[in-house]
Amino acid sequence: TDQTGPFPVTSIRGIKAVMVLYDYDSRAILIEGVASRGQSELLRAYHTLHQRLTAAGCKPKIQRLDNEA
């Protein structure tokens, strides 16, 4: 997973960036809009993407997160 940088303009729905998830085994690229880069918003986006992936029958075994620290 990774987050994009902030968009130059906030969308009508309040989306300022997106979280991108790539699943190697299914070759799926999933995105979820985020209103901020705060911890709770990123966690919500991650859970949404993870639920979509597991609902499709893919069970992640390993995950790499981008560490901006």
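**Charges, fold and surface**

Modeller: The protein chain carries 9 positive and 7 negative side chains, and the centres of the two sets lie 5 Å apart; Lys and Arg count as positive and Asp and Glu as negative, while His and the chain ends are not counted, and each charge is placed at NZ of Lys, CZ of Arg, CG of Asp or CD of Glu. This is a predicted model, in which local features need pLDDT of at least 70 and side-chain atom pairs count only at pLDDT 80 or more, whereas totals for chains, interfaces and linings use all residues. Residues are numbered from 1 along each chain as its sequence is written, and side-chain values use heavy atoms, with hydrogens and water left out.

Biologist: Is tyrosine 22 buried, exposed or partly exposed?

Modeller: Buried means under 20% relative accessible area, exposed over 50%, and partly exposed in between, with a 1.4 Å probe and protein chains only. Tyrosine 22, which sits in strand S2 (residues 17-23), is partly exposed because its relative accessible area is 47%. Across the protein chain, buried residues make up 26% of the 69 residues.

Key: Helices (H or I, at least four residues) and strands (E, at least two) are DSSP runs, numbered from the N terminus.
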